[in-house]
Amino acid sequence: MEMHQLRYFKEIAELKHYGKAAERLHVSQPALTKAIHKLEDELEVLLFNRTGRSIDSSSYGRAFLPYVERALKELEQGRKQLQGMKNPSTGTVRLAFLQSIGTTLLPTILRDFRQVYPAVSFDLVQCSSKEALDLLERGDIDLCLITNFSHTFDAENWVPLKREQLYGYCANAHELAVSDGWPLAQLAAYDFVGFKDEQLMQQQFVKWCREAGFMPTMVFQGTDVPTVAGLISSDLGISILPYYSGLEALPIHRFTITDMDCTRDIGLAWKRGGVLTASAQLFVDFTSGQQNNGF
C-alpha cells in the first residue's frame, strides 16, 4: 500500500464523502475512487459501505482507521525530523504550557531563544497539566513547559528550569490580611477556593494540607488562576497559588506559608522513550544552558 492511499482513506473516513475528500486533497474524484478500490483489493476487504450517495466506514474501515492515523502521524514526524536534521534552526517546535507559566516564564524563554534562533517557529498550546501529558503521550506536541508535580519525569525526559514559590492569597478585607505570613496548619478552619480535583496543582495543594494535618474545605473550584483569583477577591475563600502577572491589580493580599515548603519545579518535559525533533532538541539544549542566567 502507498502513503497517498492511506491519506485518501483517512480523508474519506472523516468526511464521509468522496467529492469533499477529493476537493480537500486536490485530486480528481475518479483518481480517489481508483486508489481506494486498489487499497481494498490489496487488503481484501471493503473499507466503506456505499448506499446511493451515502458512504460510511465499514467495520473493517473503522478498525483500520486508528492504525492509519498513527502511521501518518509517525511519518509526518519522521519528515519533520529529517528536515530538522538538515537545519534545526529553521524547524518548528510544538510546545504546550500551563496558563500560570504563560505570563511569567514562557515569554522570557521564547525571547531569549528567538534572539539566537529567529528562524525557528513555535506552535504553542495553552492547557492544563493533564492535557499536556495526554498531548505528549499521543505525540501531538514535542515538549511541554510544566511542573513536576506528577513525578512522571526524570533525567531521561525532564530538564528543570526554575523553582517557583507559591503563596497564600486572601481578600484585602479578610482577617488573614493583617499578616504577611501564616502557617498552613492555622488555615484549616477557613474556606478555600482552588482548582478542579484532576488538576495537578490541586492534588499537590491537598497533599500539603494533609501534611499540615487537615483536609481543606473547598467551596469553589475553577480551572485557571484568573478565575480562582477573582473568587478570592470577592472574599469567597482563600487559596495557595503561584505568582501570576496581574494579581497585584486585584484587591487581594499575598502572604507567605511559613511552615511548609510551598514551591514547584518548572521544566521542559517530553515523552519518555520518544525522539525529539532536531529543533526541539535545540530548544531543550539552549534553554537548559540558560537556566543559570535566571528566568
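This is a predicted model: local features need pLDDT of at least 70, side-chain atom pairs count only at pLDDT 80 or more; totals for chains, interfaces and linings use all residues.
Helix 1, which spans residues 3–15, packs against helix 3, residues 29–43, with 9 Å between their axes and an angle of about 105 degrees. An angle from 65 to 115 degrees counts as roughly perpendicular, and helix 1 and helix 3 are therefore described that way.

On the side of helix 1, the contact is formed by His4, Gln5, Tyr8, Phe9 and Ile12. Helix 3 contributes Leu32, Ala35, Ile36, Lys38, Leu39 and Glu42.

## Helix 7 and its buried side

Helix 7 covers residues 129–138, and its buried residues are Ser129, Ala132, Leu135 and Leu136. These residues sit on the same side of helix 7, because they take up an arc of only 120 degrees around the axis.

After helix 7 comes Gly139, with a positive phi near 80 degrees.

## Helix 9 and its buried face

In helix 9, residues 225–233, the buried residues are Val225, Val228, Ala229, Leu231 and Ile232. Looking down the axis of helix 9, you would find them within an arc of 160 degrees, so they line one face of the helix.

## Two loop residues with positive phi

Most residues other than glycine have a negative phi. Two residues of this model are worth a look with that in mind. Glu44 is not a glycine, yet its phi is positive, at about 65 degrees. You can find Glu44 in the loop that joins helix 3 to strand 1 (48–51). With a relative accessible area of 71%, Glu44 is exposed.

The other is Asp235, which follows helix 9. Asp235 is not a glycine either, and has a positive phi of about 60 degrees. Its loop runs between helix 9 and strand 10 (239–242). Asp235 is partly exposed, its relative accessible area being 39%.

Gln202 belongs to helix 8. Its relative accessibility is 2%, so Gln202 counts as buried. The Gln202 side chain comes to 3.0 Å from the backbone nitrogen of Phe195. Beyond its neighbours within four places in sequence, Gln202 touches Gly194, Phe195, Lys196, Asp197, Met218 and Gln221.

His253 is part of strand 11, residues 252–257. Buried means under 20% relative accessible area, and His253, at 13%, therefore counts as buried. A polar atom of its side chain lies 2.7 Å from the backbone oxygen of Ser179. Apart from neighbours within four places in sequence, the contacts of His253 are Gly168, Tyr169, Cys170, Ala171, Asn172, Leu176, Ala177, Ser179 and Asp180. From His253 to Glu175, the C-alpha to C-alpha distance is 10 Å, and the two are 78 residues apart in sequence.

Key. Residues are numbered from 1 along each chain as its sequence is written. Side-chain values use heavy atoms; hydrogens and water are left out. Buried means under 20% relative accessible area, exposed over 50%, partly exposed in between (1.4 Å probe, protein chains only). Helices (H or I, at least four residues) and strands (E, at least two) are DSSP runs, numbered from the N terminus. The arc is that of the directions from the helix axis to the C-beta atoms. Axes are lines fitted to C-alpha atoms, for helices over the stretch in contact, and angles run from 0 to 180 degrees between N-to-C directions. Angles under 35 degrees count as roughly parallel, over 145 as roughly antiparallel, 65 to 115 as roughly perpendicular and the rest as oblique. Contact means heavy atoms within 4.5 Å. A polar contact is a pair of N or O atoms within 3.5 Å; within protein, one must be able to donate a hydrogen and the other to accept it, and residues adjacent in sequence count only if both atoms are side-chain atoms.
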